[in-house]
Amino acid sequence: MNIKEYIRILREEGCDDSLIEHSIAVLGLSVYIASRAILNGHDIDLDLIVAGALLHDIGRSKTHSVKHGYVGAQIIRERGLGEKIALIAERHVGAGLSANEAKMLGLPVKDYIPQTLEEKIVCYADKLVFRKRIGTIKDVIEYFKRELGENHPAVNRFIELDIEIRKLIGGKAII
């Protein structure tokens, strides 16, 4: 599939222009990060990055709650778009969710923490894109602390994800 087809799917599911603009911004940053990782010798599936970045928030067509990742994964599965894309949507919320956090949030009890490089890249890019503006690592950490609390596990998970992504691209700053 190409970008136009993924945008058509978002529209068919009822996603508004602001969500699509956000997804396009996540796509741009995800491809940038993935390209730098490829230059450093990592094997990244760019087609999966494109699909995952554009469809990661498709569940927001049904809910804006923390459950949108899980709901989005179900939409992707129902449409037969592939399990790898579904897992990007399912695991991108916050910096991932532990099974205990999922239980507390009313989600099926399982681990929702990004596992593959593609999942991690899209999750990371999504955290850095505020609506359609790219923020800083500091912005994300401050947002998590303000919204979730100073000691919430997502804060440390994001910091660890930042360290991993920086290593992936050769230790350089993302932006």
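Predicted model: local features only at pLDDT ≥ 70, side-chain atom pairs only at ≥ 80, totals over all residues.
**View 1. Lys145 and its salt bridge to Glu150**. Lys145 is partly exposed, at 30% relative accessible area (buried is under 20%, exposed over 50%, partly exposed in between; 1.4 Å probe, protein chains only). Residues are numbered from 1 along each chain as its sequence is written, and side-chain values use heavy atoms, without hydrogens and water.

**View 2. Salt bridge between Glu119 and Arg91**. The closest N and O atoms are 2.9 Å apart. Glu119 sits in helix H7 and Arg91 in helix H5, so the pair ties together parts 28 residues apart in sequence (helices are DSSP runs of H or I, at least four residues; strands are E, at least two; numbering starts from the N terminus). Both residues are buried.

**View 3. Salt bridge between Glu164 and Lys120**. The N to O distance is 2.7 Å. Glu164 belongs to helix H9 and Lys120 to helix H7, 44 residues apart. Glu164 is partly exposed at 31%; Lys120 is buried at 14%.

**View 4. Arg131 in the loop between strands S1 (129-130) and S2 (133-134)**. Its phi is near 60°, a positive value in a residue other than glycine. Arg131 counts as exposed, at 74% relative accessibility.

Conventions
Salt bridge = Lys/Arg side-chain N within 4 Å of Asp/Glu carboxyl O.
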